[in-house]
Amino acid sequence: MATARVVIVGAGPAGVRCAETLLAAGIKPILIDENRRDGGQIYRRQPEGFTRDYATLYGTEAAKAQALHQSFDRLRSAIDYRPDTLVWNLTPGQLCCVSQGRHSTVDYDALILCTGATDRLMPIEGWQLAGTYSLGGAQIALKNQAVSIGHRVVFMGSGPLLYLVASQYIKAGAEVAAVLDTSPLSLRIKALPKLLARPGLLFTGIKLLAQLYRAKVAVHLGIKPLQVMGDAANGVMGVRFSTGSGRVETVQADAVALGYHLRPETQLGDLAGCTMAFDHASSQWWLATDDAGRTSVKGVYAAGDGAKIRGADAAEHAGRLVALALLEDQQLPVDGALRDEQQQALGVMDQFRLGLAQAFPWPSEQAKALPDSAIVCRCEMISAGELRRTVNEKGACEVNRAKAFSRVGMGRCQGRYCSQAGAEVIAAAAGVQVQEVGRQRGQAPVKPLSMLIIEEVSS
Amino acid sequence: MSVQKADVVIVGGGLMGSATAFFLRKRGQSVILLERDQIGQYASGVNFGNVRRQGRFLGQLALANRSWALWKRLPELIDDDLEFIPSGHMRVCYREDEIAELEAYAAAPEAEQLDLKIYRGAELHRRFGFLGPDVKGGSYAPHDGHANPRLAAPAFARAARRLGAQIEERTEVAEVQKVGADFHITTTDGRQFQAAQLLITAGAWGQKLSAQFGEPVPLDTHGPQMAVTEPVPYALPTVIGVYTKIPEEVIYFRQIPRGNIVIGGGYRSKPDMLNRRAYVEPRSILNQVSQMRRLLPGVGNLNIIRVWSGIEGYLPDSLPVMGPSGTVDGLFYAFGFCGHGFQLGPGVGDVMAELLATGATSTPIAPFSITRFAPPAEQRSQAS
Amino acid sequence: MNGRFVRLAEQGRPTVSLTVDGATIEALQGDTLMVALLTQGNALRQSEFDSGRRAGFCLMGACQDCWVWTRSGERLRACSNEVRDGLDIVTTQPEATWPLHG
């Protein structure tokens with residue numbers, strides 16, 4: 001029997017553990033990654049020449065990060081590893097790749113998408129001002145480049161990352177002006193039973209909060225974001241918000257780190273024709289997969305945050321599990337104990353992530369509350385008012401239709417940072433549930449494609 | 001359920017159907033338009049956006065001229081300019097001997113209104129300094145231009161609705177029958193419609209209905225290959241298209257004031273007619289960027305940020321089906337515009353409305369008659 | 001010069017020289033182009049559709065906000081390109097308003 005050609009896209013925790021598991025079963029996968037180095041986002045490796053140790057870089061996750069990097073270093077020469085390579089398109093059985101301006105194709109029998117996630121954003125008036133960053137971006141600035149995104153930073157949004165990055169900034173000596181969480185304490189208390197599924201993580205969260213209080217950082221819960229203030233010349237100059245009790249306050253700052261947990265990178269799954277399913281807990285569309293990571297398309301699998309947002313630990317387990325599913329589908333022997341172990345771990349993590357979604361919900365109501373003048377699409381500078389007009393005056397009650405009329409989602413980011421919030425604005429204007437307005441169709445290229453691209457001459 | 005009646009039922013809510021609905025209302029005709037998905041979702045909404053007369057089959061220029069007069073008046077007619085810019089259109093060629101062909105076209109009496117001017121060599125490169133050195137000559141149409149196809153059919157449909165047309169989206173025709181003097185239409189949701197006149201503007205699906213009435217046509221479907229760049233400073237006001245016999249070289253581009261450069265051409269893809277989706281083939285994108293680097297040096301600095309395709313209907317002689325049925329009274333067609341229908345849209349609507357309302361049109365459309373596909377015996381009997 | 005980003009550690013790296021808007025600046029080896037520019041200035045480029053400036057957003061190659069121009073008209077994504085000696089970056093649109101000329 002000819003060995004299946006297996007290609008994994010993404011060298012983060014899911015991709016690495018998947019490759020490791022396949023290798024142990026005698027399969028040599030191709031591992032394609034957009035970045036120059038392995039690790040994905042959360043375990044992003046610092047550039048050569050940087051000296052900070054794992055504890056400084058990854059804090060409580062240091063051991064996991066080191067283990068992952070060491071695992072990758074061990075398997076690197078045993079697999080076909082292609083870094084600095086973007087999969088920009090695909091047709092059934094064939095990936096279109098570009099690396100250093102050269103296009104090439106990679107044939108596959110089985111494709112495992114471990115494409116990860118980006119921050120999930122809800123617009124706020126003024127968020128197009130220079131000095132506004134995503135929470136993940138603020139973290140990368142620190143972890144990967146040892147810089148703070150500003151002299152005085154406000155962290156705003158919701159989710160565990162909010163507290164993690166803020167406290168990492170404090171530890172590194174940056175000035176944190178305030179931590180503003182849209183989620184009230186009451187929701188956290190309600191979610192406690194589910195959060196107790198992973199007591200270690202819950203404890204870490206509490207510790208982070210304590211660190212912030214000790215550093216005398218102003219932490220506000222249950223806030224409503226009102227405006228990122230500033231001007232064209234300076235960019236961000238402050239943040240205006242209303243507290244849980246309705247008092248309007250202003251914090252001076254030259255940088256804002258904004259984010260509401262994560263959204264999956266599903267463009268390749270979309271292009272492969274995979275069915276999407278609406279996840280009610282997090283109110284967003286995910287690739288429809290079975291428990292092991294099989295998508296609706298035979299031979300296409302997905303694992304990690306690119307499939308279900310469950311965090312880095314879950315990604316490692318999902319990476320192993322999807323490899324085992326592939327082995328099973330290839331009629332190869334499967335380590336049942338290993339599979340059970342992953343499934344059990346993921347069961348716990350599923351509970352926890354439901355708790356997170358409850359404790360730190362996606363603030364869909366903010367979309368309705370956005371003033372008409374607030375920008376929804378940063379790339380194209382389209383306001384909430386313009387988007388609402390396409391619903392009300394042109395009857396566009398579906399995301400792709402509204403995109404065609406308003407240009408929301410037509411910019412360089414291809415809807416990554418505007419489309420979900422845009423869907424909420426459309427749904428609110430049309431008076432329907434957000435899942436009824438659909439989602440932005442994924443199109444090629446997956447990222448902007450240079451027009452210098454030339455075809456690789458095959459040797 | 002009660003039957004909804006009108007003077008005209010239109011099946012197909014693309015640009016042709018929407019424009020006809022609008023002009024029918026201007027003539028006082030009642031009209032119901034039935035669209036299976038959303039107005040302008042297919043060929044009308046995904047094409048390149050060329051508002052171009054030059055290069056057309058000479059026998060089509062009368063229709064194109066009539067349409068052009070309407071393009072100029074769009075804000076007054078439908079309260080929307082569709083982002084139309086009369087930017088001028090340049091048809092360029094890479095080979096010296098092709099210039100003579102461009103000259104021959106420019107000299108044709110039908111092309112007189114276009115005010116075409118031929119450029120070559122140094123003069124061309126002085127005026128159009130952004131074009132690559134391989135460009136040898138070109139034909140410049142000063143009044144041609146471009147517009148935003150995504151806006152067109154929906155704008156006409158809204159204007160028609162404001163005038164009292166009944167526009168039904170997400171309404172699929174299940175059955176059409178001629179009963180006596182009227183057409184009886186049933187939709188999949190059980191509604192019934194009736195009219196003395198039926199217009200088929202169902203684009204790539206037009207032939208399904210024409211075949212039912214005994215007039216099959218060899219309609220083929222293709223997916224246009226479109227790409228767009230990120231926005232860059234606006235500096236290219238002219239729409240550029242390549243005149244060539246080599247298919248991969250047939251590239252065209254236009255820059256919009258916001259700065260994006262829209263690119264089309266080269267290859268075509270085969271649409272998935274079952275799911276009504278079409279895709280851009282990777283080889284199309286690679287070909288387009290390569291051709292663009294030749295046509296517009298320096299464009300290599302830019303990034304493609306999106307590609308799209310759609311479903312267009314083509315006839316083998318590259319001419320549409322337009323005009324009355326050859327077999328059934330009260331039945332009319334306007335479909336299969338072979339990827340060049342956008343500029344014709346307003347004109348087609350105006351002409352079809354005239355034809356439906358008065359029984360004749362002043363604009364010659366005989367070359368587009370569906371009867372040209374009838375078997376020879378039938379054609380003879382139709383001619384007599 | 002008033003920079004937006006603040007260096008917190010890892011400052012003992014070899015330096016790299018590049019030109020930004022005509023002036024020579026020094027960055028550190030391993031800096032991304034974004035960090036090199038923003039430790040000394042407060043923006044990367046002009047926003048296309050409003051009067052504001054842009055300084056990147058996601059730092060992970062997803063938002064596409066941080067594209068910069070070189071003087072010769074090349075496009076570079078600042079967050080995913082390492083700084084190197086001799087780069088000549090402009091943060092306002094080239095005067096010719098079209099990169100094709102030159």
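Which strand of chain A pairs with β1(C), and in what sense? Keep that in mind while we look at this predicted model.

The answer is strand β10, residues 147-148 of chain A. The pairing with β1(C) is antiparallel, over two bridges. Look at one position there. A:Ser148 stands opposite C:Val6, in β1(C).

Now the wider interface. On chain C, 31 residues are in contact with 40 residues of chain A. Two elements of chain C give two or more residues to that side: β1 (6-7) and β5 (53-54).

Next, chain A by itself. The assignment gives domain 1 as 6-118 + 263-356, domain 2 as 121-260 and domain 3 as 365-437. Take domains 2 and 3 of chain A. Their centres, over C-alpha atoms, are 25 Å apart. Their contact uses eight residues from domain 2 and twelve from domain 3. On the domain 2 side, six of the residues are nonpolar, one is polar and one is charged.

Last, confidence. The model scores ipTM 0.96 and pTM 0.96. Chain C averages a pLDDT of 90, and 89% of the residues score at least 70. Where does pLDDT stay under 50 in chain C? Go to residues 95-102. The model has 15 contacts for that stretch beyond four places in sequence.

Notes:
Residues numbered from 1 in each chain as written. Chains lettered and ligands numbered in written order. Predicted model: local features only at pLDDT ≥ 70, side-chain atom pairs only at ≥ 80, totals over all residues. pLDDT = per-residue confidence, 0-100. Contact = placed C-beta atoms within 7 Å. Helix = DSSP H or I, 4+ residues; strand = E, 2+ residues; numbered from the N terminus. Pairing = 2+ DSSP bridges. Domains from an automatic or database assignment. Nonpolar A, V, L, I, M, F, W, Y, C, P; charged D, E, K, R; others polar.
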